[in-house]
Amino acid sequence: RLLQRAASLMNIAKELFTAKKTSITLFGEFSYQADSWPRPYRVIVKAEYNHKGPNTRFIVTNLTGSTPLS
């Protein structure tokens, strides 16, 4: 299900890779709640496409916002 939610971002990464012929890495996020989870969580997506093909990674967190660590 997470791959389905990230499909549009992966398509953009693939199109950019095809046009530029260089590794492309894009980031996105969405809210998701698995059946066994008590509430929705923030899912951060790393959509990468290179000469080996797609490489999609996910981070599930309860942290909000995007403030860097000090």
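Predicted model: local features only at pLDDT ≥ 70, side-chain atom pairs only at ≥ 80, totals over all residues.
User: How do you know that the span of helix α1 agrees with its number of residues?

Analyst: Helices are DSSP runs of H or I with at least four residues, strands are runs of E with at least two, and both are numbered from the N terminus. The expected span is 1.5 Å times one less than the number of residues. For the 19 residues of α1 (residues 2-20) that gives 27 Å, and the end C-alpha atoms are 27 Å apart, so the two agree.

User: Where does α1 bend, and what is meant by a bend?

Analyst: The bend at a residue is the angle between axes fitted to the seven residues ending there and the seven starting there. In α1 this angle is about 45 degrees at Ser8.

User: Why is Thr56 called buried?

Analyst: Buried means under 20% relative accessible area, exposed over 50%, and partly exposed in between (1.4 Å probe, protein chains only). Thr56, in strand β3, has 18% relative accessibility and therefore counts as buried. Leaving out residues up to four places away in sequence, Thr56 touches Leu3, Ala6, Met10, Val45 and Lys46, where contact means heavy atoms within 4.5 Å.

User: Which residues of α1 are buried, and what covers them?

Analyst: Ala6, Leu9, Met10, Ala13 and Phe17 are buried. Their cover includes β1 (24-32), β2 (41-50) and β3 (53-61).

User: What makes Lys21 stand out, and is Lys21 buried or exposed?

Analyst: Most residues other than glycine have a negative phi. Lys21 is not a glycine, yet has a positive phi of about 60 degrees. Lys21 lies in the loop between α1 and β1 and, with a relative accessible area of 61%, is exposed.

User: How many aromatic pairs are there, and why is the pair of Tyr32 and Trp37 called edge-to-face?

Analyst: The whole structure holds three aromatic pairs. Rings of Phe, Tyr and Trp (its six-membered ring) pair if their centres lie within 6.5 Å; planes under 30 degrees apart are stacked, over 60 edge-to-face, and the rest tilted. The rings of Tyr32 and Trp37 have centres 5.7 Å apart and planes at 85 degrees, so this pair is edge-to-face. Trp37 and Tyr41, with ring centres 5.5 Å apart and planes at 85 degrees, are therefore edge-to-face. Tyr32, Trp37 and Tyr41 form one aromatic cluster.

User: Why is Trp37 called partly exposed?

Analyst: Its relative accessibility is 27%, so Trp37 falls in the partly exposed class. Tyr32, at 14%, is buried.

User: What makes β1 and β3 edge strands?

Analyst: Two strands pair if DSSP finds at least two bridges between them. The open sheet has three strands in the order β1-β2-β3, with antiparallel pairing. Each of β1 and β3 pairs on one side only. Between β2 and β3 there are nine bridges, and Lys46 has Arg57 in β3 as its bridge partner.

Terms used. Residues numbered from 1 in each chain as written. Heavy atoms only, no water.
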